[in-house]
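Dear colleague,

I am passing on the structure we spoke about, and it is shown just below. My notes on what was found in it follow.

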Amino acid sequence: MSTKAHNFPVQIPLPIDPRTPSRINGTRGKAASTVAALPLRGVSSDVPKVGLNDICLSYRTESGERILALDHINLQVKTGEFLCIVGPSGCGKSTLLHLIAGLHQPTSGEVLVDGKEVEGPGTDRILIFQELGLFPWLTVGDNVQFGMKMKGVGKAEREEKTRYYLRLVHLSQFKDSYTHQLSGGMRQRVALARALATEPDVLLMDEPFAALDAQTRDLLHDELERIWTETGCTIIFVTHNVREAIRLGDRVALLTFRPGRVKREFPVFLPRPRSLEDPNVARAASEILAELREEINRSLEVEYSVGVKPHVEAGVRS
Amino acid sequence: MKRAARLLVFYAGLFALWTLLAELKIWPPYLFPTPRGVGEALYAGFQDHSFLIAIAVSMRRVLIGYAISVVLGMILGLGLGTSKFLEETMGGLLVSLQSLPSICWWPLALLWFGLSQNAILFVVVMGSLLSVTLAMEDGRKQMPKIYGMAGRNLGANGFRLFWYVLLPASLPFIVSGLKQGWAFAWRSLITAEMLYLSLGLGQVLMMGRDLNDMSAVIAVMILIIAIGYVVDGLVFKSMESRLQRRWGLTSST
């Protein structure tokens, strides 16, 4: 791609751990650190797992105004990579995930998975929505089974895998509960199990832990990292929490506020497992945060000018 | 317990008032039947099986007609809920058609289907189809979009998306429409049956009229009310409460 050079991540001085850059080169699993030097995936690392090439997305508002939501997004995600996308609200982070999931089409540009253009939803890419979208008319077990059922997996295998994935997220005893009977963190884990049960290559997560309390979130961070290591899947994780992004990601991409562009990419070389309270995480986060703050300020300016104006006018008139 | 007591008092009072008015003989019994007369008519009707047959015939018809309405109404409602064009064009037409009593279709139904059961079924379908369609459309609109997206994301599409996701997701929003559709179907059926020698409850009622037997007329009216009430209570109430329990919409009672 001609865009690759311009897309190359800007290196910033982050604490570098010599043992773990391998993850970014596409090796899977915990064993990666020992075989880091071997060119295991010489070919496949050339073809990104997910490639976003010159993605633009615009839409028309109710008043007929044309809004450019995404502006020439270029991002390549390697197999097994954990990419975090941060940006102010309204930068089109969620939309980007919807595009990869095939739920929407970009106005221009192409979304590639394994080098092939995405034409619609597919169970190789599962999105965990911010609001989860668990089915309230199904039990926890049936929710987890749903994707497999749609794929035509046999009943016995479905049952077995449901048990396996519920155990993976520590919800075995809640197989027959309905989702409204669970706490927020438990529902989050059901959504995770439901997504994992279809055995996707790519897991797309849209601010999944935003609504949780700190303790639950910490726990789920650990679990997500463990599951990522065990399954070796590629994860694209959207959040507005920079520390969370550093805690989890191999790489953090920062999007600008409306229209969404990739402002910078930050590789994270801190050793895993990381902790949110780690000073190194905090230091890395502060550098990204400085840049993010600009975008947040821009978003606030826009929101203020939109939100305050009518109020002022009304005041003048009366 | 208290509720039951109140109900008992109310119905006992109503019954006493009826008895009193009838016993005062302000109007002759053939205009204002006594409770005793109605009771005897009910007994006689069940004794010679004419009521049982009528109930069976009517129930069969309403079930067939209602089933057709539900299937057609779901398809139509789905179309209306997904297509902006259909919603703008046909949506308005359907709402205006709803003000038309279904029995107005009777002359046309007779021409199209002849003096047959199909003509009755047609009127039943026309009576309930609209409310099912509109309820379905409304349900699709009220249903949170996330379920459809989540379903597609998990690999459901086409009919499977409808059957496994969109339909169950919109059920809490369409159940009241289904209930209303049932009530309309039942009313349309009885009306149509009254116009034609048809063996159903409607005809038995008209037979009472022809024989100038107002006790029998009231007995059949009681039957019609009772059946409507029982279906509503047994089928729809339990469906509603089961849905609410599953979805967690109810505070435990």
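In what order do the 4 strands of the open sheet in chain A stand? The order is β2-β1-β4-β5 of chain A, and the pairing is antiparallel; here strands (E, at least two residues) and helices (H or I, at least four) are DSSP runs, numbered from the N terminus, and two strands pair if DSSP finds at least two bridges between them. Because β2(A) and β5(A) (116–117) stand at the edges with a single partner strand each, one side of each is left without a neighbour in the sheet.

Before going further, please note that this is a predicted model, in which local features need pLDDT of at least 70 and side-chain atom pairs count only at pLDDT 80 or more, while totals for chains, interfaces and linings use all residues. Residues are numbered from 1 along each chain as its sequence is written, and chains are lettered from A and ligands numbered from 1 in the order in which they are written.

Within the sheet, β1(A) (residues 50–60) is joined to β2(A) (residues 66–77) by 8 bridges, with Ser58(A) opposite Leu68(A). These two strands form a hairpin with 5 residues between them, and Gly64(A) in the turn has a positive phi of about 90°. β1(A) also pairs with β4(A) (residues 108–113) over 5 bridges in the antiparallel sense, and there Asn53(A) stands opposite Glu110(A). Helix α2(A) (residues 93–101) packs on the sheet, touching β1, β2 and β4 of chain A, and its direction makes about 65° with that of β2(A); contact means C-beta atoms, placed from the backbone, within 7 Å, and angles run from 0 to 180 degrees between N-to-C directions, with axes fitted to C-alpha atoms, for helices over the stretch in contact.

Elsewhere in chain A, helices α5(A) (residues 184–197) and α6(A) (residues 214–231) pack at an angle of about 15°, with their axes 11 Å apart, which makes α5(A) roughly parallel to α6(A) (angles under 35 degrees count as such). Their contact involves Gly185(A), Gln188(A) and Leu196(A) of α5(A), and Thr216(A), Leu220(A), Ile227(A) and Thr231(A) of α6(A).

As for the two chains, the contact takes 14 residues from chain B and 20 residues from chain A. On the chain B side, α7 (145–153), α8 (158–194) and α10 (214–247) each give two or more residues, and α7(B) gives the most, with 6 residues. The predictor gives the complex an ipTM of 0.71 and a pTM of 0.71.

With best wishes

Technical notes: Parallel < 35°, antiparallel > 145°, perpendicular 65-115°, else oblique.
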